[in-house]
Amino acid sequence: MRQTRSSDRAPSVRISRAHFDWRQYVVYGGFILVFLVFSVSLYGSGFLTLNNLLNIVRQTSTITVMAVAMTFVIAAGEIDLSVGSLAGLASVTTAMTVDRFGIVPGIIAGILTGLIVGCVNGVLVTKVLIPSFLVTLGMLGIGNGIAMWITDTAPVPIASNVFNNVFGSGNVGPLPSLVIWTVVALVVGHVALRKTPYGRQVLATGGNEIASSFSGVKTKRIKFLALMVSGLAAALGGMLYAGRLHSGRFQWGQGDELSVIAAVILGGTSLSGGIGSVIGAVIGSLLIGLINNGLLLMGLAYSQQLIIRGAIIILAVALGRRGRSM
Amino acid sequence: MDEANSVAVGMRRITKAFNGVRVLDDVDFDLKQGEVHALVGGNGAGKSTLMKILEGVHSPDAGEITIQGRPVRLSSSLDGREHGIAMIFQEFSLIPTLNVSQNIFLTREARNAFRLLNDRECERATRELFRGIGVEIDARLPVSALSAGYKQLTEIVKALSQNARVLIMDEPTASLTKSETDSLFHIIAQLKERGIGIIYISHRMEEIFRVADRVTILRDGKVVATEAITDLTLERMIEHIVGRKMERSFQWLPRAVDRSGAPLLELSSVVSGERVRGISLKLYKGEVIGLVGLMGSGRSELLQSIFGIRQLTSGEVRVRGNPVEIRSPADAMKARIAMIPEDRRVQGLIMDHMLKDNILLPLLKQFTRNGFIDDRAARRKVGEYVRSLDIRAESIFKIVRQLSGGNQQKVVIAKWLGAEPDIFLMDEPTAGVDIGAKTEIMTLIRHLAGDLGKAVLLVSSELPELLAVSDRIAFIRGGRLEREVERRTIESEAALHHLIQGN
């Protein structure tokens with residue numbers, strides 16, 4: 001439809017510049033601040049070396065990959081608590097298949113594990129209409145139980161150097177492969193959220209599910225896909241654990257769901273949906289890794305690390321939340 | 001009764017503006033003890049704002065409120081309640097999972113010697129309160145098991161238990177059956193005897209003549225008249241509500257609609273649940289049909305069943321002569337149907353998202369190239385809509401929550417214009433928008449039908465507007481199409497009022 005009646009008395013409307021809300025960028029400020037504090041206080045103790053910094057990225061890569069997918073789930077107004085245990089399960093299924101049938105079947109086994117669990121989560125949430133919190137809480141236990149059962153709780157070693165290099169300890173040129181996985185997840189996730197219709201519909205669904213469905217958005221399909229991809233990402237996380245630690249074990253990823261959710265929320269994604277940032281989630285994940293690393297170098301006991309990390313997360317989220325509910 | 005000390009509530013020279021638009025202008029209103037004072041007026045006349053000021057939700061820009069003769073300052077709804085003013089909500093504010101007595105005494109429960117909850121005492125008190133208005137009830141029934149009538153009684157009893165002296169009832173009979181309405185009126189009579197004052201808001205004239213002692217009529221934020229019901233006739237009342245002056249944009253100009261071809265939209269005995277009970281209708285290219293009826297008559301539900309939000313139980317929908325199966329809004333969009341929903345905050349907009357993202361939501365497909373959104377083209381298009389609909393916002397990145405009601409509504413319309421539909425379903429498109437935006441929306445409806453050949457099915461409680469743009473008027477009552485008339489056979493808004501009231 002063309003409306004021409006008033007083009008001559010057009011009011012000025014800005015269509016080029018986005019407004020700036022500093023609260024969405026709290027995580028970046030927090031990241032820089034924590035980085036500076038550690039750089040000064042840990043001067044000379046190996047914090048500011050390229051190796052240490054790459055190490056931080058490497059150690060957080062599993063959390064990062066899962067946090068990117070979790071951003072979509074949370075932005076769509078749902079939650080996925082099963083990612084940690086699913087990572088453990090996928091590390092096991094991959095490890096068991098790699099050494100028996102080869103790398104490609106191993107990768108397929110891992111992907112299938114994530115796909116199946118993700119789809120089951122998705123169906124239960126969008127078809128059976130059970131809240132995602134409950135579905136994925138149940139799945140957390142089921143995934144963990146299966147991983148323990150099929151391995152008799154023993155680690156499954158991976159001898160394949162190729163697999164271990166691609167998913168874990170290898171390098172591509174000067175870059176560790178885990179850093180590359182992180183960058184790939186970041187770019188794919190960011191573009192999908194910001195530049196594709198799917199991403200836009202995820203944010204719309206989380207922002208107001210009723211209005212979205214009135215606008216023709218298939219909100220259930222959007223949520224199903226988000227949960228399915230979250231399952232896939234968790235499986236990839238599990239394979240990254242397997243590659244880095246040269247084995248699959250049910251314990252890999254245990255408890256990661258909390259770090260993943262913390263990273264996503266730190267990154268400015270709204271826990272009630274509708275607002276989300278993949279870059280923020282990646283920075284949030286790196287911030288958590290940074291804090292872990294710095295506190296370790298400071299020589300703090302694990303118990304003390306937990307307390308300080310918890311306090312920093314609460315503080316950052318509190319700063320970022322203020323006034324968002326305009 | 002002694003006149004001087006029998007005044008329960010006095011509101012003098014109340015003035016209130018929102019975003020510079022004056023919604024109440026020097027309004028005087030008072031309520032005596034034991035009186036039912038009806039407050040009537042069209043939508044946007046200022047009734048609900050006036051009541052919100054009395055509840056303490058809004059504070060007036062100017063004016064004075066007295067309760068039992070003492071000046072008061074109400075700054076929250078808790079203040080209002082403390083002064084004995086209680087709103088009986090249209091959508092009931094009870095907690096469905098708790099039982100009747102738990103709801104009534106929520107946060108004020110009786111305690112026993114150990115400071116633990118004393119349910120038995122609460123239940124006894126509940127039964128007594130209900131007996132006070134002549135009703136026997138099982139105090140342990142969960143509220144979810146109650147009928148609409150009993151839910152409302154529970155609300156009333158809850159207010160009474162808090163020593164309310166003034167009850168505000170906003171369309172209290174909207175969801176009640178005939179016999180429930182009768183018993184409500186019986187209870188109102190008893191409350192009057194106890195000296196409780198009732199402010200009664202309703203569009204149903206017949207009820208007002210039955211129940212009210214006095215009537216105050218508001219129009220455009222001003223008091224037009226306050227009179228004893230015995231001094232009023234239905235004609236005079238409608239005249240007051242409508243007003244003499246008619247804006248030019250509210251004038252109806254006859255238009256020729258070509259009904260020779262196949263109708264654009266044809267409904268054959270459409271049934272959906274309890275609310276739509278067999279409606280057949282033909283809507284032609286370039287035609288506007290206004291659906292009128294009382295609240296709860298099933299008009300909104302009809303639009304929702306066409307748009308796939310409610311599922312059809314039986315019946316057939318044809319678009320351009322072809323039967324279509326619409327099970328979701330996405331299906332409706334494929335049939336080139338658009339819907340401007342009734343509640344823009346809940347159904348129309350994502351309030352915390354930007355103007356541009358809201359407008360783009362139904363149009364994402366159009367602006368996707370190779371799987372990616374072409375943001376630059378999309379922004380340009382959005383800018384065009386913002387200009388052509390004259391949406392007043394400093395940028396297309398503005399969060400829609402921060403726009404005025406009229407501009408928000410234009411955003412809802414803009415998002416559908418882009419989908420280039422042939423059929424528009426509009427549910428109260430001018431509700432809660434200022435007069436300027438109203439005029440623009442009406443001009444737009446005329447433009448859509450008259451110049452672009454779209455078909456519009458319009459639900460509006462704003463009768464002057466409905467009369468101004470419709471070609472035909474369809475009367476809906478109890479989910480059925482009562483009759484259909486040509487617009488030109490209706491001489492005035494008053495005549496339409498009479499037809500809707502059923503006499």
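Predicted model: local features only at pLDDT ≥ 70, side-chain atom pairs only at ≥ 80, totals over all residues.
How many residues does helix α1 of chain A have, and how far does the helix reach from its first C-alpha to its last? Helix α1, residues 26–41 of chain A, has 16 residues and reaches 22 Å, which is close to the 22 Å expected at 1.5 Å a residue.

Let us stay with this helix for a moment and look at its surroundings. The buried residues of α1(A) are A:Val26, A:Val27, A:Gly30, A:Phe31 and A:Phe38, and, seen down the helix axis, they fall within an arc of 135°, so they line one face of the helix. On the other side of α1(A), we find A:Ile32, A:Leu36, A:Ser39 and A:Val40, which are exposed.

Now to chain B, and to strand β3, residues 36–40, where five of the five residues are buried, so the strand is largely enclosed by the rest of the structure. In a regular strand the side chains alternate between the two faces of the sheet. In β3(B) both faces are covered, with B:Val36, B:Ala38 and B:Val40 buried on one side and B:His37 and B:Leu39 buried on the other. Four bridges join β3(B) to β8(B), residues 197–201, running parallel, and there B:Ala38 has B:Tyr200 as its bridge partner. Four bridges also join β3(B) to β9(B), residues 214–219, again parallel, with B:His37 partnered by B:Arg214.

Finally, the two chains together: 44 residues of chain B are in contact with 32 residues of chain A. On the chain B side, α13(B) gives the most, with seven residues, and that side divides into 24 nonpolar, eight polar and twelve charged residues.

How values were computed:
Residues numbered from 1 in each chain as written. Chains lettered and ligands numbered in written order. Contact = placed C-beta atoms within 7 Å. Helix = DSSP H or I, 4+ residues; strand = E, 2+ residues; numbered from the N terminus. Nonpolar A, V, L, I, M, F, W, Y, C, P; charged D, E, K, R; others polar. Expected span 1.5 Å × (residues − 1). Buried ≥ 20, exposed ≤ 12 C-beta atoms within 10 Å, placed from the backbone. Arc of directions from axis to C-beta. Pairing = 2+ DSSP bridges.
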